[in-house]
Amino acid sequence: MTDGVPSGRSTHGICLGALSWLVDDGDVGELDVSGLAVALVARYDDDEPASPWTIVLHVDASGDAGQRSALADVFLGRLGGPKVGVLPWVRKASHLVDVRSSTIELVPEGDGYRLRVGDAVRLRATRPVSSDAVVRCGIPGYDEPGRELIADELTVRDDPFEWELTDNCAFASRFAYALD
């Protein structure tokens, strides 16, 4: 770790994933973004020079254009902030493929959650990890209380990404992001 940020090689050398956030209560400037969601599909390879993140950001289609733009600014790190500034696709080299407006559903299911991002992402993580093992990946914010989960399914068909994974790591937590 460096300054609380995980460093070093990833477990398998290549990281494939989907992250999501549901804003319980929040504002970006004068815009209320409460109840809106964001999802990020990402990939990086430790052996690629500088291991840049390749990302597609999905912003909640139920928000208006201003809300979607504000959410993109937050989660792409354009507005700064101590928790966002250490997100790996913000602090490291990254390639933004696209920001897409999508229907995003993040709902409790069993002991975990189900995520659907239009036709692009299906994720079910309903099984708690049965040991004290740490399975979560290196996304900052794990100092917050949360639950280690096993993903039953992670299917991504989101150009340029395509993969199907099972029994990989998942983590659910509450985060508080603020500019100051």
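**Notebook: first terms**

Buried means under 20% relative accessible area, exposed means over 50%, and partly exposed is in between, with a 1.4 Å probe and protein chains only. I also note that helices (H or I, at least four residues) and strands (E, at least two) are DSSP runs, numbered from the N terminus.

This is a predicted model, where local features need pLDDT of at least 70 and side-chain atom pairs count only at pLDDT 80 or more, while totals for chains, interfaces and linings use all residues. Residues are numbered from 1 along each chain as its sequence is written, and side-chain values use heavy atoms, with hydrogens and water left out.

**Entry 1**

I looked up pLDDT, which is the predictor's confidence in each residue, from 0 to 100. The protein chain has a mean pLDDT of 86, and 84% of its residues reach 70 or more. Over residues 1–6, pLDDT stays under 50. Where pLDDT is low, the predicted coordinates should not be read in detail. For residues 1–6 the model has seven contacts beyond four places in sequence, where contact means heavy atoms within 4.5 Å.

**Entry 1: the whole chain**

I found two helices and 12 strands in the protein chain. Along the sequence, I read the pattern as β-β-β-β-β-α-α-β-β-β-β-β-β-β. Of the 180 residues, 42% are buried. Among contacts with a separation of 6 or more, 57% join residues 24 or more positions apart. The chain exposes about 9,700 Å², and carbon and sulfur atoms supply 48% of that. These areas come from the Shrake-Rupley method with a 1.4 Å probe, and for residues only the protein chains shown count as cover.

**Entry 2: helix α1**

Which residues of helix α1 are buried? In this helix, residues 65–75, I listed Gln67, Ala70, Leu71, Ala72, Val74 and Phe75.

I then checked both ends. At the start of α1, a side-chain oxygen of Asp64 comes within 3.0 Å of the backbone nitrogen of Gly66. Just after α1, Gly77 has a positive phi of about 80 degrees.

**Entry 3: two nonpolar cores**

A nonpolar core is a set of buried Ala, Val, Leu, Ile, Met, Phe, Trp, Tyr and Cys residues joined through side-chain atoms within 4.5 Å. The largest one has 23 residues, and those touching the most other members are Leu40, Trp53, Ile55, Leu57, Leu71, Phe75 and Trp89. At least two residues of this core come from each of β1 (14–22), β4 (37–45), β5 (53–60) and α1. Helix α1 gives the largest share, five residues. Another core of 20 residues lies apart from this one, and its members include Ala39, Val56, Ile104 and Trp163.

I picked Thr54 in strand β5. Is Thr54 buried or exposed? Thr54 counts as buried because its relative accessibility is 18%. Beyond four places in sequence, Thr54 touches Val41, Ala42, Arg43, His95, Val97 and Phe161.

**Entry 4: Ala172**

Ala172 sits in strand β12, residues 168–173. With a relative accessible area of 15%, Ala172 is buried. Ala172 touches Tyr113, Gly146, Arg147 and Leu149, not counting residues up to four places away in sequence. Gly146 is 26 residues from Ala172 in sequence, yet the two are 5.4 Å apart in space, C-alpha to C-alpha.

**Entry 5: cysteines**

I looked for disulfides, each a covalent bond between the sulfur atoms of two cysteines. The rule asks for a pair of cysteine sulfur atoms within 2.5 Å, and the count is zero. Cys15 is buried, at 19% relative accessible area. Cys169 is partly exposed, at 26%.

Which peptide bond did I note as cis? The bond from Asp159 to Pro160 is cis, with omega near 15 degrees. Pro160 lies in the loop between β10 (146–158) and β11 (161–165).

Ala50 is not a glycine, yet has a positive phi of about 70 degrees. I found Ala50 in the loop between β4 and β5, and at 59% relative accessibility Ala50 counts as exposed. Asp167, also not a glycine, has a positive phi near 55 degrees. Asp167 lies in the loop between β11 and β12 and is exposed, at 52% relative accessibility.

Notes:
A polar contact is a pair of N or O atoms within 3.5 Å; within protein, one must be able to donate a hydrogen and the other to accept it, and residues adjacent in sequence count only if both atoms are side-chain atoms.
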